[in-house]
Structure formats: C-alpha cells, structure tokens
Amino acid sequence: EQRGLEPNTMCANIVLAACSKDGEFSTALTLWRHMLERRTPPPDKASLASVILACGRAGRVDLALDAFAEGKEKGVECDTVTVNVLLEACAKSDAPPGEALGILMDAIESRIPVDALTISSLLTAYYSSQTPTSLANTPGALDQAFAIVELGRFMSVEPTPRVTNALLRVCVAAGDLPRASRTFEETVATQRDGQPSAVDERSIRVLIDGYAAAGDLAGAARVLRDAECLGVKFGDGTAAALIRACIDAGDVESATRAYESCVVHHGVGPTTRMVNALLVGLARSGSWREAIRLVSDDVIGSETCEADDETVRLFSTAFEIGGEEEQAEVAKQMGMWLTGSDDALIAHLLERDSAEES
C-alpha cells in the first residue's frame, strides 16, 4: 500500500496463513479486521479459516469465535473447512461443550455440509472441555456423544477411525470402559463388506490406555485378544504400549506375560521396540537374569530384532541395579558388540578409563 500497489485477497491470505502457522493471532486479527472494514482486499472463506486457525493455535477460542461472528455479520462465506477449524479450536480449549454443539447446529441450519472431521472434532471438543468426574456424573452426557455420531449418520457421514476413536475417548474419559469395549466390538461387527474400516490400530491403543489408567491390566491385555478375534490387526507399537502400561503400573510379571503373549499367541515380534519396552521394567527391578534370557533368546541372532543403544543401556542397567557392577561392564561391551557400534564401544572404554583414573 505504501508503494501504491493494491494488495489482493490472495496476498492477504498468504500473510494470514503464515500467521496461522505460527499462532500470530494478534497480527492475523488486525489484518482480518482491516479487510472487513475497508473491503480492500475483500476477505473470503480462506481468510476466515486462517484467522480462526491462528487464534485456535494460540489457545484463544474466544477470539476465534469473535472472528467467526464478525465474518458471518459481514456476509463472508463459510464452508466445511471453516466449521472444522472452528471446532478444532474449541477442542483445544476449555470452551463449554455447548459452544461446539452450537457451531454444528448453526452449520446445519446454514446448509453447510459436514464430514467425518466435523463429527470427530465435535466429539473431541465435547470430552476435552469436561473433567472425567463431570462426564461421569452428568446424566446423559455420554448418551449425547453417541447421539452426535448418530446425527452424523443421519447426514450421511459414516464413522471413520477418527470418529470412532474420538467416541471411544469420550467413553474412557467418562470412566465407562465396558461401553467403550462394546462400542469397539459393535463397530467392527456391523461393518458391511467392502466398506472402509471404522476402526484402526489407534482404536486398540485408546482402549489399552483406558484400562491401564484404571489399573485394570487384565482388561488391557484382553483388548488385544478381542481385537485379534475380531480381525483387527495391530503391530509391535501396540504390543509395546501394553508392555509399557504394565511396567508403568510396576507389574513386571504382567509385562513379561504380555510380551510373551504377543510373540507366541498374536504373532507380533519380537522387535527392538518390544524388547526395549520390557527391558525398562527388568532394568528398574534389577532383574538381570531375565534380561540375559530375553536378549539371548530374542535379540542375538534374531532377524526381526536388532539391538540399539537403548537396548545396551537398559541391559547393562539391569546388572547395575541388581548389584552386579562387574557384569554390567561386560554387558555394556557385549551389547555394543551386538549393535555393531564401534564408536559407542570406544566411547564407553574411554569413559571407563577416565573413571578409573579419577
């Protein structure tokens, strides 16, 4: 403008997009309101989405809602993307659930199409704005979450893994794990042939985390058995998550059983991620004998599990915590030989020599 050039909407949107990326809501709002007031350049739906995104990323859903209202008053077009961005802003804040629901109702009234992202963002906003206690103690709160999914179906929005996982998180947040499990099972059982799956591996993780947080490790392990029976596949990341959940609960025996069950019964692993997850527990408890057995059986000569620096560290720590300091030195050297890391071995030897000199 200072040079006499007339900026267009595309140029302004590029600036707004940069602001949204960095969460520069103040600059975004200033430009947005300049566009609204002077109409030069005129804002469009992309302008509105960017300023909402900038405010949302800064945690200022109040300003995002203000910008949305300003755009609506000035007749700025709103589409599915705008609605979804606004719902995501609500999901990342402590806005009351009624705020997000009101946005959806307004979109429906304005005949703005909704999609699976709309429904999942609304569900996320619904449970993230409430404490588990309030969700559990509010009559009909969980039923309303299920009603939102049914509303989506009524508008021809079939559940996707993202929608299902958001619904499962609401169940977990409300402390209703049995309903979460039933929802998972019923969603899989009612899938029609040729229809895209409405669950994925992340669905299993949500349930595992929920049961583990409730202290029900047996329930967490049961999730994997149920998933396999239903034909929902999972990999070593989910297996490692179950093992870590047991370790975090201080139950190394359950972690070991989970590891063995994944390898023997579910055909997952052994992999480096799974071995390291179990070694965390063995190291903490100083269970060096079990660590030796694990490494010798599932790492040495394995085609699926390759030791890394973390394996070496945890393996040797098991000896140190177990009071076998001399053996810990041997374990480090043996482990570094397993990783094939000459640099790591040299660094370790230099560290040991330095310690001896001091």
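Biologist: At roughly what angle do the axes of helix H1 and helix H3 cross?
Modeller: Roughly 15 degrees. This is a predicted model. H1 covers residues 9–22 and H3 covers residues 45–57. Their axes come within 8 Å.

Biologist: Which residues in H1 and H3 meet?
Modeller: From H1, Thr9, Asn13, Leu16, Ala17, Cys19, Ser20 and Lys21. They meet Ala46, Ser47, Ser50, Leu53, Ala54 and Arg57 in H3.

Biologist: And by class, how many nonpolar, polar and charged residues are in that contact?
Modeller: The contact of H1 with H3 has 6 nonpolar, 5 polar and 2 charged residues.

Biologist: Switching topic. Where does Pro196 lie?
Modeller: In the loop between helix H11 (177–189) and helix H12 (201–213).

Biologist: Is Pro196 buried or exposed?
Modeller: Exposed. The relative accessible area of Pro196 is 64%, and exposed means over 50%.

Biologist: How many residues apart are Pro196 and Glu158 in sequence?
Modeller: They are 38 residues apart in sequence. In space, the C-alpha to C-alpha distance is 9.6 Å.

Biologist: Now the whole protein. How many helices and strands?
Modeller: There are 20 helices and 0 strands. Of the 358 residues, 46% are buried.

Definitions and conventions
Residues are numbered from 1 along each chain as its sequence is written. This is a predicted model: local features need pLDDT of at least 70, side-chain atom pairs count only at pLDDT 80 or more; totals for chains, interfaces and linings use all residues. Side-chain values use heavy atoms; hydrogens and water are left out. Helices (H or I, at least four residues) and strands (E, at least two) are DSSP runs, numbered from the N terminus. Buried means under 20% relative accessible area, exposed over 50%, partly exposed in between (1.4 Å probe, protein chains only). Axes are lines fitted to C-alpha atoms, for helices over the stretch in contact, and angles run from 0 to 180 degrees between N-to-C directions. Contact means heavy atoms within 4.5 Å. Ala, Val, Leu, Ile, Met, Phe, Trp, Tyr, Cys and Pro count as nonpolar, Asp, Glu, Lys and Arg as charged, and the others, Gly among them, as polar.
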